[in-house]
Amino acid sequence: MNGPRPSLFTPALIGGAVAGLLSAIPFVNCLCCLWIIGGGALAAYLWAKDIPGGLTSGEGALVGAFAGVVAAAADALISIPFATLNSVFFRRVFERLSAYVEDMPAGWERWFDRTGPFQVGWFFVGLMIAAAIFAVLGALGGVIGLSLFGRKAQASSGPQPPLPPSAI
Amino acid sequence: MTGRSRMVAIYAAAGMGAVFWVGAILAAPYLWSKGERLALFIYACFSPVCHQIPERSLWLFGHPLAVCARCFGIYSGFLGGLVLFPFRGGLRNLVQPKVRTILLASAPIAADTTAQFLGLWETGPAGRFATGFLWGGLLPFLFLPALADLAIGPSKGSRGRNAGADFRA
């Protein structure tokens, strides 16, 4: 007898939280999009472990995409305490750039001094943009994770029922 | 809409998305060189997914790209993989690469990233781009079958336990 199918939300929350945490911490976040892809892969692994018969690659992409959205939210929230540090870091990056480049865009210094409603608005705009980007990267991670770890997840969850003839 | 026309639509959408994505990365330094403030917006949009350190980036029009060399390698490799995708059995061939292929393509970027993270060696932007490009080129062959699986339905080999036929070995 098959029980109810485990929800994808718990694996997506775990994978997304891990990816969001790692991509928000300064210096650890130097691996760029690879943390998000890794979070999607982790979510797919965790979900595949609980699903008798395994996941399809589309389901892997789906759970990875959800993990990406969770990662964007986690990244935005965790980045708040690091906002000052990140601002200082990016200001230094642009100051170093200004040593190489003469024609810096007008007003680039003010880019790091955003306060008030504009900063709140930019926070939500940034969150939406990051959620869209992270969802795509997480979906990629979900598919990769399923391809790499799907068999191990299946093996660790015990014997599997045979595939229906239509799937073979 | 038939399965084939859906697959064509998925391929076209992925292609347009990738062109837009890579185009935005290349447009940022161009717009900067023209003094357009839109360049700052593009750099800001890519900042959540990349450290954008100038020394680790490729430069164009006298300015760094909107993402680092490794990220640009991944994204442009993805675009290159999309171009090659139809030549691997057409759009109807949705069998994903074997696990050993994924591991082979991932080994250089994994080794280089890990080594640099641990401070074992430092690779220049060209090396970062090359490892990213190799890995990014693999991604469409994983991603498009997954999108087709969602839009059209599971195909032979789309289930994790036998994806790429390797899981039955």
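Predicted model: local features only at pLDDT ≥ 70, side-chain atom pairs only at ≥ 80, totals over all residues.
## A helix pair in chain B

The crossing of α4(B) and α5(B) is left-handed. Two packed helices are described by the angle between their axes and the distance between the axes. Here helix α4 of chain B covers residues 99–117 and helix α5 of chain B covers residues 125–151; they pack at an angle of about 145°, and their axes are 9 Å apart.

Which residues make the contact? From α4(B) come B:Thr101, B:Ile102, B:Ala105, B:Ser106, B:Pro108, B:Ile109, B:Asp112 and B:Gln116. From α5(B) come B:Arg128, B:Thr131, B:Gly132, B:Leu134, B:Trp135, B:Leu138 and B:Leu142. Sorted by type, the residues of this contact are 8 nonpolar, 5 polar and 2 charged. Two names from the contact, B:Asp112 and B:Arg128, return in the next sections.

Over all chains, the count comes to 3 salt bridges. One of them joins B:Asp112 to B:Arg70, with the closest N and O atoms 3.1 Å apart. B:Asp112 sits in helix α4 of chain B and B:Arg70 in helix α3 of chain B (residues 69–84), so this pair ties together parts that are 42 residues apart in sequence.

Are the two partners buried or exposed? B:Asp112 is buried, with a relative accessible area of 5%. B:Arg70 is buried as well, at 8%.

## A network around B:Glu122

B:Arg56, B:Glu122 and B:Arg128 are linked in a network of salt bridges. In one link, B:Glu122 pairs with B:Arg56, the closest N and O atoms being 4.0 Å apart. B:Glu122 lies in the loop between α4 and α5 of chain B, while B:Arg56 lies in the loop between α2 (38–46) and β1 (59–60) of chain B, so the pair ties together parts that are 66 residues apart in sequence. In another link, B:Glu122 pairs with B:Arg128, where the closest N and O atoms are 3.0 Å apart.

B:Glu122 is exposed, with a relative accessible area of 57%. B:Arg56 is partly exposed, at 24%. B:Arg128, which also takes part in the contact of α4(B) with α5(B), is buried, with a relative accessible area of 4%.

## Chain A in outline

Now over to chain A, which has 5 helices and 0 strands. Along the sequence this gives the pattern α-α-α-α-α. Chain A has 168 residues, and 46% of them are buried. Its accessible surface comes to about 8200 Å², and 71% of that area belongs to carbon and sulfur atoms.

How do the contacts of chain A span its sequence? Among contacts between residues at least 6 apart in sequence, 79% join residues at least 24 apart.

## A closer look at A:Ala71

A:Ala71 lies in helix α3 of chain A, which runs over residues 57–79. What is its relative accessibility? The value for A:Ala71 is 0%, so A:Ala71 counts as buried.

Leaving aside residues up to four places away in sequence, A:Ala71 touches A:Gly16, A:Ala19, A:Gly20, A:Ile36 and A:Phe134.

Technical notes. Residues numbered from 1 in each chain as written. Chains lettered and ligands numbered in written order. Heavy atoms only, no water. Axes fitted to C-alpha atoms, helices over the stretch in contact; angles between N-to-C directions. Helix = DSSP H or I, 4+ residues; strand = E, 2+ residues; numbered from the N terminus. Left-handed = near helix turned anticlockwise from the far one by under 90°. Contact = heavy atoms within 4.5 Å. Nonpolar A, V, L, I, M, F, W, Y, C, P; charged D, E, K, R; others polar. Buried < 20%, exposed > 50% of the residue type's maximum accessible area, 1.4 Å probe, protein only. Areas by Shrake-Rupley, 256 points an atom, 1.4 Å probe, with all protein chains shown as cover. Salt bridge = Lys/Arg side-chain N within 4 Å of Asp/Glu carboxyl O.
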